[in-house]
Amino acid sequence: MKSAISVTFLCIVLLALANGSYAGQIVVYWGQNGNEGTLSEACATGNYDYVIIAFLPTFGKGQTPMINLAGHCDPLKNECTGLSSDIKFCQAKGIKVLLSLRGDTGSYSIDASEVATYLWNNFLGGHSSSRPLGPAVLDGIDFDIEGGSNKHWGDLARLLKGYGMMVKQGKQVYITAAPQCPFPDAWIGNALTSGLFDYIWIQFYNNPPCQYNSGAISNLENAWKQWITSIPANKIFLGLPASSQAAGTGFIPSADLISEVLPAIKGSAKYGGVMLWSRYYDVQSGYSSSIKSYV
């Protein structure tokens, strides 16, 4: 009897561990609306596992790099250094905080070495007297490249990974990306085949051919399968608008996400969870709270 009970208990424990290992996570972009609350307030909700600070839109092409956090702080007045305490607060709660590079205009023919050195010294584990976000060390860099050039992004990812590996007992530098759902992505598609990207949150919105459309899941499901079988990332996330106002098309009501979409994609070993654009719209809709238990 004791043996049978022990075997049953062991099976229950193993099943619980297996289920827990496939629990999805929620990613959110923060920084593009001064009315979305502070970074620490976002982390205090307990809804997010990754918070992406958006954006660093000015870099490369010989430009002086400049962060843009909309109404939160003015980098020209060195106000954004105050975010350091918020970043550390989030990290103390186990939340990874990354900085997103936004490339969507002009010809971004970057010098990968120059940009990597700047990012390492000013946001990651290096040293600089003028770190825009203060002394806090971010967990990684996100690539949200939606225009410009499709060259050298893989080189930049490789160099950033190399910096992280050089530091003895240093923390891992996470490299992530937010491509559009049409495969392959026009701007960062080549870089994504490198195997250097830890996580990819694919934008399944503003792209009708590969997004959820009024109860029809086939376009999204087919695109999802193509991504997970073609890209060597550790985990791939379903990127969604957090409300119907957050994107032109592609919003999925939480009930539909839970009943139709998640059951269709969660079986993949590469399934990572859900990415939301953005914290501001999530505050308005409560979307992350409504899906957290199901992701």
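Buried means under 20% relative accessible area, exposed means over 50%, and partly exposed lies in between (1.4 Å probe, protein chains only). This is a predicted model: local features need pLDDT of at least 70, side-chain atom pairs count only at pLDDT 80 or more, and totals for chains, interfaces and linings use all residues. Residues are numbered from 1 along each chain as its sequence is written, and side-chain values use heavy atoms, with hydrogens and water left out.

Of the 295 residues, 46% count as buried. The protein has 10 helices and eight strands. These are DSSP runs numbered from the N terminus: helices are H or I with at least four residues, strands E with at least two.

Now the rings. Rings of Phe, Tyr and Trp (its six-membered ring) pair if their centres lie within 6.5 Å; planes under 30 degrees apart count as stacked, over 60 as edge-to-face, the rest as tilted. The count comes to 20 aromatic pairs. F143 and F197 are edge-to-face, because their centres are 5.3 Å apart and their planes stand at 75°. F143 is in strand β4, F197 in the loop between α6 and β6, 54 residues apart. F143 is buried at 0%, and F197 is buried at 2%.

F251 and Y287 form a tilted pair, 5.6 Å centre to centre with 55° between the planes. F251 lies in the loop between β7 and α8 and Y287 in helix α10, so the pair ties together parts 36 residues apart in sequence. Which of the two is partly exposed? F251 is, at 29%, while Y287 is buried at 3%.
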